[in-house]
Amino acid sequence: DRAGVARVILSPLARDPEDVMALARAFPKRVVPALTTKSGPGDRDFQGTFDGQLKRFAWVAMAETLLWHAAKGKRAPEIVQWPDDEKIQFLLNHAKARGWPFTAHIEFGAIGAERARFLAAFEAMLAANPDHPFVVPHMGQLEADEMAALIARHANLHFTTSHANPLTARKYPDYPWVNMFADEDLAPRWKALIVAHPDRFVLAFDNVWPKHWGRFFVKQVKLWKRALAGLPEEVAHAVAHRNAERLWKLAPLE
């Protein structure tokens, strides 16, 4: 409420899924319950875990799937899963069957020597599923020119703005997060890309741990509200909420 954010797509992390469903029942217009995919590559029965969640609860979205996740402290280890891995294809097929966007967490800035090969594998997945929407969080840690080329090649590719701001860049200087801002406004290259492709970007944040839900969250939202005010009105509305409503089939804001 303090941040003025209307909805959260929420999935359990080290919590019972019932905790998320209870919040969704209590706040049906605010909380969108998302089936978690974060079992990690070492989970030998990930299909059973996933199917168990589907049987127990009425999910309306699927959380991000970690394809390339760099290590971030002791609680967030490195996870690498290639687009053609069995688990990734299993999750993609479930997302397609239910009409859920496939949210592919890929930190291209952290991949290193395998970057070109991994990008080619991801593009092959996009090309093989041209009618299904894919969403990449954190702007994929890509720069504007590379993203523009990807958008031109793949009509089903979208990005969220999570972590792509100077507040995150200052708070986590050891990670290659993209900073889309110049001072307190969007940098010209990013503003031009969003205006040219307003249907490809979703304003979003990445609140994983309790510390992310406090003042840091409110400050990020304030920064983005100021940036959106500098865009054409229709573009700002698309990024702020309409693209999310379209992709996740959510009722429009009242």
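These legends cover close-up views of a predicted model. In this predicted model, local features need pLDDT of at least 70, side-chain atom pairs count only at pLDDT 80 or more, and totals for chains, interfaces and linings use all residues. Numbering starts from 1 along each chain as its sequence is written, and side-chain values use heavy atoms, with hydrogens and water left out.

**View 1. An open sheet of three strands.** The order is β1-β2-β3, with parallel pairing. β1 (8–10) and β3 (61–62) stand at the edges with a single partner strand each, so one side of each has no neighbour in the sheet. Strands are DSSP E runs of at least two residues, and helices are H or I runs of at least four, numbered from the N terminus. Two strands pair if DSSP finds at least two bridges between them.

**View 2. β1 beside β2.** Three bridges join β1 to β2 (residues 31–35) in the parallel sense. I9 has V32 of β2 as its bridge partner.

**View 3. The largest nonpolar core.** This core has 65 residues, and F102, F122 and M180 have the most contacts inside it. Helix α9 (residues 215–228) gives the largest share, seven residues. A nonpolar core is a set of buried Ala, Val, Leu, Ile, Met, Phe, Trp, Tyr and Cys residues joined through side-chain atoms within 4.5 Å. Buried means under 20% relative accessible area (1.4 Å probe, protein chains only).

**View 4. Around F122.** Neighbours within four places in sequence are left aside. F122 then contacts P83, A104, I106, F108, F134, V136 and L157. Contact means heavy atoms within 4.5 Å.

**View 5. A second, separate core.** This core has ten residues, including A34, A61, V202 and L250.

Definitions and conventions: Buried < 20%, exposed > 50% of the residue type's maximum accessible area, 1.4 Å probe, protein only.
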